[in-house]
Amino acid sequence: MGSCSVVEVDDDEYAKLIRRMNPPRVVIDNDACDNATVIRVDSIKKHGILLEVIQVLTDLDLIITKAYISSDGSWFMDVFNVTDRNGNKVRDKEIISCIQNSLGSDACFFPRIGNSVDIVPSKEHTFIEMTGTDRPGLLSEICAVLANRNCSVAKAELWTHNTRVAAVVLVTEESTGAAVEDPERLSTIKELLCNVLRGDNDSRMGRMTVSKDRTHTERRLHQMMFGDRDYESTVVGAGDEKPRPQVAVMDCAEKDYSVVILRSRDRPKLLFDTVCTLTDMQYVVFHGTVDTRDDEAYQEYYIRHVDGCPINSEAERQRVIKCLEAAIERRTTEGLELVLRTEDRPGLLSDVTRVFRENGLTIRRAEISTQGGKASDTFYLSEMSGKPVEAKTIDSICRQLGEMVVRVKQSPPLLAPKPPEVAGATSFLFGNLLKASLQSFRLVRSHS
């Protein structure tokens, strides 16, 4: 197969010309499959193209139920089976047009990983990026700092994993609704937030820097947590044990690939999370297959590093396994899901998060949004011990928050997924993958 590098140079004008002369081809077919819309993408290969395609689909709130990935030489072909959130085929003309317009253009590369604490001013919002040591009440303290500095949170997303926390927060001036632009005030906010994020005896405390780059929020969260080494092992306390995703990495020597196999509970955006991590770790997916059924997801990838080499050491193998496990676990949906809708007002988020803290709850993940004067927030909560939230605690927070609570859902216990069947499997897997790829290719040709 050879071991040539697949890294492209952004400043290579010849490469840009070739891409402009051969724009991606997108076919959206509602007849090829009984229960899903089939989307086929054919384009010139470049590092990150697979992630760009998946990101477009997930940002449109589409569910990817199956996928076949194949690349040959300089060409890339992907086939996705997708549905909407209700499990129906995609028939909305606006969404179909958006898919064709988005995937049919040559998207720009995303910025690389940055520092652990950034504040990025713009005309509409100020972007605040934070990483640090997670602890109960942390988001409440962050919101209190922003409220005390007369900042309103327009949008925010927070993830926690392995005692680490990462958050991207968009804030505005409470009085004007515009971005916070005063340098002295920004400096004060950064200092206060870093003090809040600083953990006891923690060598990975937040550092104050200013970033000029912006990227996709969820990809940025993956990058921030990866840079904060959240994938490193931690001590698991009593009662905290839970089934983990099953990840195996094998050699496929006859084809000069490394094979990555993942099994886990299925959930929205799972495919984005795993491909995002492989891409940011500088691996290229040459072939792959994805299948979901009975609430379980199976993913299989044939990869090489961007330098053209497969994984060639046990240390690298273990690092890939740990990073993919972390990527799946970061976007947790465990614990109590609490959805709030209400009129926005100054200090609302600070008050809500204080209620959680006073009831002994910790926030495992949060999605916060304000638009048109309406606040729409989703929190995933657990007891500070990590155990599920008790019924009496749920009643207490519902009484305190009142009519703003529109949904309360306790996630069921996770079931341990079946381990990947890896013994002597590489030749069999590669054969099946090629069959799937050839079948997908024939579908493309037949509908051309």
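This is a predicted model: local features need pLDDT of at least 70, side-chain atom pairs count only at pLDDT 80 or more; totals for chains, interfaces and linings use all residues.
Because Glu129 lies in strand 6 (residues 126–133) and Arg220 in helix 6, the pair ties together parts that are 91 residues apart in sequence. Glu129 is likewise buried, at 1% relative accessibility.

## Other salt bridges

The whole structure holds 28 salt bridges. One of them joins Arg265 to Asp295, with 3.6 Å between the closest N and O atoms; this pair links distant parts of the chain, since Arg265 belongs to strand 10 (residues 257–265) while Asp295 sits in the loop between strand 11 (283–293) and strand 12, 30 residues apart. Arg265 is partly exposed, at 31% relative accessibility.

Glu390 and Lys392 form a further salt bridge, in which the closest N and O atoms are 3.9 Å apart. Here Glu390 is partly exposed, with a relative accessible area of 42%, whereas Lys392 counts as exposed at 61%. Salt bridges also link Glu218, Arg267, Lys269, Asp273 and Arg331 in a network.

## A buried glutamate without a salt bridge

Glu300, in strand 12 (residues 296–305), is buried and yet takes part in no salt bridge, the nearest side chain of opposite charge being that of Arg263, 8.1 Å away.

## Helix 8 and the cysteines

Helix 8, which comprises 17 residues (314–330), reaches 24 Å from its first C-alpha to its last, close to the 24 Å expected at 1.5 Å a residue. Among the buried residues are Val320, Ile321, Leu324 and Ile328, together with charged side chains including Glu316, Arg317, Glu325 and Arg330.

Cys323, also in helix 8, is buried with a relative accessible area of 0%, while Cys398 counts as partly exposed at 25%. A search of the whole structure finds zero disulfides.

## Strand 2 and its two partners

Strand 2 (residues 37–44) is mostly covered, with seven of its eight residues buried. Strand 2 pairs with strand 1 (residues 25–29) in the antiparallel sense over five bridges, and in this pairing the bridge partner of Val27 is Arg40 of strand 2. Strand 2 also runs antiparallel to strand 4 (residues 75–83), to which eight bridges join it; Ser43 stands opposite Phe76 of strand 4.

## Loop residues

Two residues other than glycine have a positive phi: Thr163, with a value near 70°, and Arg229, with a value of about 60°. Thr163 is found in the loop between strand 7 (151–161) and strand 8 (164–173), and is partly exposed at 47% relative accessibility. Arg229 occupies the loop between helix 6 (217–227) and strand 9 (246–252), where its relative accessible area of 34% makes it partly exposed.

Gly373 is found in the loop between strand 14 (361–371) and strand 15 (374–383), and is partly exposed, with a relative accessible area of 35%. Although Gly373 and Ala154 are 219 residues apart along the chain, their C-alpha atoms are separated by 9.9 Å.

Technical notes. Residues are numbered from 1 along each chain as its sequence is written. Side-chain values use heavy atoms; hydrogens and water are left out. Helices (H or I, at least four residues) and strands (E, at least two) are DSSP runs, numbered from the N terminus. Buried means under 20% relative accessible area, exposed over 50%, partly exposed in between (1.4 Å probe, protein chains only). The expected span of a helix is 1.5 Å times one less than its number of residues. A disulfide is a pair of cysteine sulfur atoms within 2.5 Å. A salt bridge is a side-chain nitrogen of Lys or Arg within 4 Å of a carboxyl oxygen of Asp or Glu. Two strands pair if DSSP finds at least two bridges between them.
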